[in-house]
Amino acid sequence: MNILKYLLIACSCLIGAAHAQSPIAKDTIEYRAQVWVDKTDLERYGGEEDFKKNLKKMFHNTTRFWNESPNKFNHYFRFVPAEELYVYDIQGDKNKYDEFKNKAYGPLDLSKYDFVLFLALGAKNEGLSCGGGGASGQSVVMCYIREPHNIFTDALYPNQGTYSNLGHEYGHVRGATDMYQYIIAAEDNPVSHEKLAPPKCNMGTGYRVWSDYCSALFNYTAKMKTLDRDLLQKAFPDKLLIKVEKGKKSRVGYTVNLYGTRAGGKYNRRDVYPHVYRTYQTDKKGRLEITDVYKLYHPDLSDPNVPPKKPQDLFPYSRWFCFLVEVVDGAGQKKYVWLPSVELQRQYLETSNDVYEVKIEF
């Protein structure tokens, strides 16, 4: 009797452990890709049957990469290729890849597909990217590969390869920005001369780990098969509240300057733009309230103190990725705080708190 009881308890524990480790413990969200491939490239990869089999394996590894990277997901995310390939024909002219890539942005049957994976496997130059704005609201992931590079054999899981690089691009499909755009070296910060180091993340600042920002965003967009067009605006809190204190007492009339950080471009590095973007004063409660926070980070190009786009593009992506907040007291002493846009989004998506609050103490 004691042995039977022991066996029942042991079996119960094993079943519980297996359930805890299984993706079935979470609801599964599936995203289906319409995969485009050139006729000649398909033949070079062994024909349609072998290509489909290897494509499924690659997508399976991308799914593993997503879910086995440490995260705070509320769901199990699965990426699958649709059974039917979209086979196009460049007729041996590698200059025609772009012509068909542009067609991949055309109308998409959203009852069958959620996004497009466009493969150019004999291209002149390599590169992976993701673009939005498809005719049906779909994202298009573009994978340009030179011969004899083989996307199915270039890395075994968990080593980095095409499957994990696609995982990064699928992060864009689900709404994430490139985290590396937030990296600022100390020498590229002429204001406070300190660096900005964002969290490790598969979106360009680490490998096989998701930042809390990405986890919160992917949870929020999980059931949007194609992303809402105003997603980015929805993901921001409405109000930024800055409190300034000295000796635990609120400080009135302190100057608060905002300096924006830019993405890297042809004419500039990722840096703190050396000119003040906005200047404020703390009120009688030592506070500063800024509304329409999305607009603060995404100004119109005609707004005051925005870097010029012409004759040189000194404002890549036309938005501030982060603000360096400079607080100046009456004696000229200064304190600095970073306010990355992804941090404001993370808190809002996790808590639904429409006010992002930061306290600065002298």
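**Strand 9 and its partners**

I began with strand 9 and strand 11 (residues 278–281), which pair in the antiparallel sense over four bridges; strands here are DSSP runs of E with at least two residues, helices are runs of H or I with at least four, both numbered from the N terminus, and two strands pair if DSSP finds at least two bridges between them. The model is predicted, so I noted that local features need pLDDT of at least 70 and side-chain atom pairs count only at pLDDT 80 or more, while totals for chains, interfaces and linings use all residues. Residues are numbered from 1 along each chain as its sequence is written, and side-chain values use heavy atoms, with hydrogens and water left out.

I then found seven antiparallel bridges joining strand 9 to strand 13 (residues 322–328), and two, also antiparallel, joining strand 9 to strand 10 (residues 271–272). Val256 has Tyr280 as its bridge partner in strand 11 and Val327 as its bridge partner in strand 13, whereas Thr261 stands opposite Val272 in strand 10. Strand 9 (residues 255–262) is largely enclosed by the rest of the structure, because seven of its eight residues are buried (buried is under 20% relative accessible area, exposed over 50%, partly exposed in between, with a 1.4 Å probe and protein chains only).

**Gln281**

I looked next at Gln281, which lies in strand 11 and counts as partly exposed because its relative accessibility is 43%. Its C-alpha atom is separated by 5.5 Å from that of Tyr254, 27 residues apart along the chain. Leaving aside neighbours within four places in sequence, I listed its contacts (heavy atoms within 4.5 Å) as Gly253, Tyr254, Thr255, Arg287 and Leu288.

**Cores**

I read a nonpolar core as a set of buried Ala, Val, Leu, Ile, Met, Phe, Trp, Tyr and Cys residues joined through side-chain atoms within 4.5 Å. The largest has 57 residues, and Phe51, Trp66 and Leu117 are among those with the most contacts inside it. Helix 3 (residues 48–68) gives the most to this core, with six residues. Apart from it lies another core of 25 residues, including Val244 and Val327.
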